[in-house]
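Subject: Structure handover

Hi,

Here is the structure I promised to pass on to you. Have a look at it first, and then read on for what I found in it.

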Amino acid sequence: MLFGIEWDTTNNWVFAWSILPILFKGLVVTIQATLVGFLVALILGLVLAALKGARLRIISWPAYVITEFIRDTPLLVQLFFLYYVLPEYGIILPAFMTGALALGLQYSAYTSEVYRAGLESIPHGQTEASRVLDFTPVHTFIFIILPQAIPRIIPALGNYLVSIMKDVPVLSVIAILEILNVARIIGDRTFNYLIPLSMVGIIYLLLTLLASAGIRYLDKRLPKEGIPLK
């Protein structure tokens, strides 16, 4: 007995082994939602950062407003808006894509600030030198400034990848069968919540440690002074 809970070693280990394939299916959904949401956050965050860096206030000001609005409203509200409101206007998305889009939209506000900090860390003289060499602003941004900014912000972006992963269980409110929702359903049907929820906690811990190790490895491998251009 541990903390007042009686542990039958044989039966509980058999039960844990039997539900592992079901939890694995939920894990696949969790990983997919994390990757799709992170990809959306990376792309949309970069767009917002570029717009906020525009010299014209008519472009930069709306980007700042949108970023603050997204960042200051709860993920759950944005998720419900996409899931329940958009269909009223004829925009119907699958539940999974709606959830992944909500995650990406929420975290795009944070990644945009990370991008902005990385872009501002690049000496302004490089932009001036690009103009002297007759490079277009788009060419300068994509091939000169951005490759140097990305390696500097890998740790921050990696932290948001882990955060997105831990926010995926929110998608259970729109019936996404991610791993925590699967564990809850198993608990509802078997009246045994300890084992499935403990297994989910361990799996999340392993995923987080693995992602953090990958981020540290990538951070060490990428040159902080940018990627040499040929």
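The chain exposes about 13800 Å², and carbon and sulfur atoms supply 71% of that area. Accessible areas here come from the Shrake-Rupley method with a 1.4 Å probe, and for residues only the protein chains shown count as cover. Of the 230 residues, 37% count as buried. Buried means under 20% relative accessible area, exposed means over 50%, and partly exposed is in between (1.4 Å probe, protein chains only).

Before you go further, two bits of housekeeping. This is a predicted model, where local features need pLDDT of at least 70 and side-chain atom pairs count only at pLDDT 80 or more, while totals for chains, interfaces and linings use all residues. Residues are numbered from 1 along each chain as its sequence is written, and side-chain values use heavy atoms, with hydrogens and water left out.

**Overall build**

The C-alpha atoms fill a box of roughly 75 × 45 × 30 Å, taken along the principal axes. The radius of gyration of the chain is 22 Å, whereas a compact globule of 230 residues would have one near 17 Å. That radius is taken over C-alpha atoms, and the globule rule is 2.2 Å times the number of residues to the power 0.38.

Among contacts between residues at least 6 apart in sequence, 79% join residues at least 24 apart. A contact means heavy atoms within 4.5 Å.

On charges, the chain has 16 positive and 14 negative side chains, with the centres of the two sets 8 Å apart. Lys and Arg count as positive and Asp and Glu as negative, leaving out His and the chain ends. The place of a charge is taken as NZ of Lys, CZ of Arg, CG of Asp or CD of Glu.

**The cores**

The largest nonpolar core has 42 residues, and those with the most contacts inside it are Ile 19, Leu 23, Leu 171 and Ile 179. At least two residues of this core come from each of helix 1 (9-52), helix 3 (75-85), helix 4 (95-120), helix 6 (137-167), helix 7 (179-190) and helix 8 (194-221). Helix 1 gives the largest share, 10 residues. A nonpolar core is a set of buried Ala, Val, Leu, Ile, Met, Phe, Trp, Tyr and Cys residues joined through side-chain atoms within 4.5 Å.

What does Ile 19 touch, not counting residues up to four places away in sequence? Its partners are Ile 186, Ile 195, Pro 196 and Met 199. There is also a second, separate core of 6 residues, including Leu 119, Ile 144, Ile 145 and Leu 146.

Gly 37 lies in helix 1 and is buried, with a relative accessible area of 0%. Not counting residues up to four places away in sequence, Gly 37 touches Ala 100, Leu 103, Gly 104 and Ile 164.

Thr 98 belongs to helix 4. Is Thr 98 buried or exposed? Thr 98 is buried, at 2% relative accessible area. Leaving aside residues up to four places away in sequence, Thr 98 touches Leu 79, Leu 82, Tyr 83 and Leu 93.

**On the outside**

Lys 25 is also in helix 1, but is exposed, with a relative accessible area of 61%. The C-alpha atoms of Lys 25 and Ile 179 are separated by 7.5 Å, although the two residues are 154 residues apart along the chain.

Ile 58 sits in helix 2 (residues 57-71) and counts as exposed at 71% relative accessibility. Its C-alpha atom is separated by 27 Å from that of Ile 150, 92 residues apart along the chain.

Ala 175, in the loop between helix 6 and helix 7, has a positive phi of about 70° although it is not a glycine. Ala 175 is exposed, with a relative accessible area of 59%. Phe 191 is found in the loop between helix 7 and helix 8, and its phi is near 60°, a positive value in a residue other than glycine. At 73% relative accessibility, Phe 191 counts as exposed.

Cheers

Conventions:
Helix = DSSP H or I, 4+ residues; strand = E, 2+ residues; numbered from the N terminus.
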